[in-house]
Amino acid sequence: MTQPGIFGLGAPEHCYLEFSLCEGVSPAQLVKAVAGLAGPLSTGGGVNLVVGFRPELWAQVAPADAPPGVQGFTEPIVGADGFQMPATQHDAWAWIAGGDRTSVFNNSRDVIAALIGLATVASEVTGWVYEHDRDLTGFIDGTENPSLLVAPDVALVPDGPGVGASVLLFQRWKHDSDAFRALSVEEQERVIGRTRADSVELDEDVMPATSHVSRTVVEEDGEELKIFRRNTAYGTATEHGTLFVGFSRERRILDIMLRRMAGATDDGLRDQLTHFSTPHSGAYYLIPSVAALVQFAPEDKD
Ligand code: HEM
């Protein structure tokens with residue numbers, strides 16, 4: 001079974017924590033501690049917890065449960081006109097999602113406390129749901145997201161080592177909202193590739209090759225490459241953006257999309273959205289299946 005929180009739609013409050021392994025602590029110690037988190041969190045508080053690891057760290061501790069060849073975000077992606085996507089890989093990731101801010105806050109504190117001495121918090125950011133399903137550009141985010149009936153096919157390693165695991169790309173994108181909102185609605189729509197009011201895809205004859213949709217729709221052998229997105233909004237009135245939380249059965253698919261957005265491709269076309277939103281972090285995490293995690297969890301005491 002996969003970690004169910006990946007598909008736990010509907011939670012309005014989110015906290016994302018990235019951790020760095022403390023010096024002198026073994027990766028196995030960290031995996032054990034993180035595997036032990038699920039117990040206390042599954043009762044009372046009513047939150048979903050999803051945990052992941054730097055892919056190389058997980059592969060070292062659980063080689064039989066690691067999809068082969070998945071790497072962290074170790075190098076920045078350098079695209080057109082010097083545009084860069086930074087590589088800010090850390091060792092572990094925890095996502096706490098729930099119905100109210102208090103339970104997310106309390107459970108996030110519990111997660112941090114349980115890892116004291118093993119890992120330090122490298123980044124913390126809270127996410128929320130803006131205008132039901134819009135991101136902070138004002139556009140509906142998730143229209144082409146696969147439904148829950150097909151999302152597992154898109155997000156989960158289908159067989160072999162690591163079956164039921166998922167590869168997560170976690171990026172914090174800061175928006176230049178003033179610049180984007182200064183555009184006319186038609187200009188904004190050409191940046192995204194969809195209409196703002198109701199998210200209808202632009203007709204082929206007016207769809208720019210540099211729109212966000214054009215850069216992220218990728219076909220391979222006649223099949224569209226799909227990912228499962230759980231993005232949220234983050235930040236304050238003055239500083240804010242999108243937390244990109246994308247799950248895939250293959251790291252490769254996410255990487256292709258990033259390179260196409262950056263213009264790090266033969267055509268050199270850069271996603272227009274990257275002129276209005278800048279990535280400030282970027283990391284890949286391997287989200288193990290529950291079965292793979294459980295083998296490291298401490299025995300139930302009662
Ligand atoms: C600032 C960051 C981002 C924002 C605000 C954003 C916003 C959007 C919006 C508004 C749409 C159109 C509606 C929809 O189908 O969901 C969309 C589509 C999509 N985005 Fe993003 N996105 C961001 C980053 C990314 C990144 C980093 C990736 C991939 C690594 C990505 C992959 C996709 C995909 C695959 C689609 C669906 C395309 C289609 O099938 O039509 N997005 N995004």
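Student: Which residues have the most contacts inside the largest nonpolar core?
Tutor: Keep in mind that this is a predicted model. The residues with the most contacts inside the largest nonpolar core are Ala92, Ala94, Ile96, Leu168, Tyr285 and Leu286. That core has 67 residues. Strand S5, residues 92-98, gives the largest share of this core, with 6 residues.

Student: Where is the other core, and how many residues does it have?
Tutor: The other core lies apart from the largest one and has 6 residues, including Phe180, Val191, Ile192 and Leu273.

Student: Back to Ala92. What does Ala92 touch?
Tutor: Leaving out residues up to four places away in sequence, Ala92 touches Phe19, Leu30, Val34, Val51, Gly52, Phe53 and Ala119. Phe19 is also the bridge partner of Ala92.

Student: How many bridges pair S1 with S5?
Tutor: S1 and S5 pair over 7 bridges, in the antiparallel sense. S1 also runs antiparallel to strand S6, residues 119-128, with 9 bridges joining them. In that pairing, Leu17 has Glu124 of S6 as its bridge partner.

Student: New topic, the ligand. Which residues come nearest?
Tutor: Thr143, Glu144, Trp173, Thr216 and Met257, out of 28 residues around the ligand. The elements that give two or more residues to this shell are strand S7, helix H8, strand S12 and helix H9.

Student: And by class, what is in the shell?
Tutor: The shell has 13 nonpolar, 11 polar and 4 charged residues.

Technical notes: Residues are numbered from 1 along each chain as its sequence is written. This is a predicted model: local features need pLDDT of at least 70, side-chain atom pairs count only at pLDDT 80 or more; totals for chains, interfaces and linings use all residues. A residue is near a molecule or strand if its C-beta atom, placed from the backbone, lies within 6 Å of it. Helices (H or I, at least four residues) and strands (E, at least two) are DSSP runs, numbered from the N terminus. Ala, Val, Leu, Ile, Met, Phe, Trp, Tyr, Cys and Pro count as nonpolar, Asp, Glu, Lys and Arg as charged, and the others, Gly among them, as polar. A nonpolar core is a set of buried Ala, Val, Leu, Ile, Met, Phe, Trp, Tyr and Cys residues joined through C-beta atoms within 7 Å. A residue is buried if 20 or more other C-beta atoms lie within 10 Å of its own, exposed if 12 or fewer, and partly exposed in between; C-beta atoms are placed from the backbone. Two residues are in contact if their C-beta atoms, placed from the backbone, lie within 7 Å. Two strands pair if DSSP finds at least two bridges between them.
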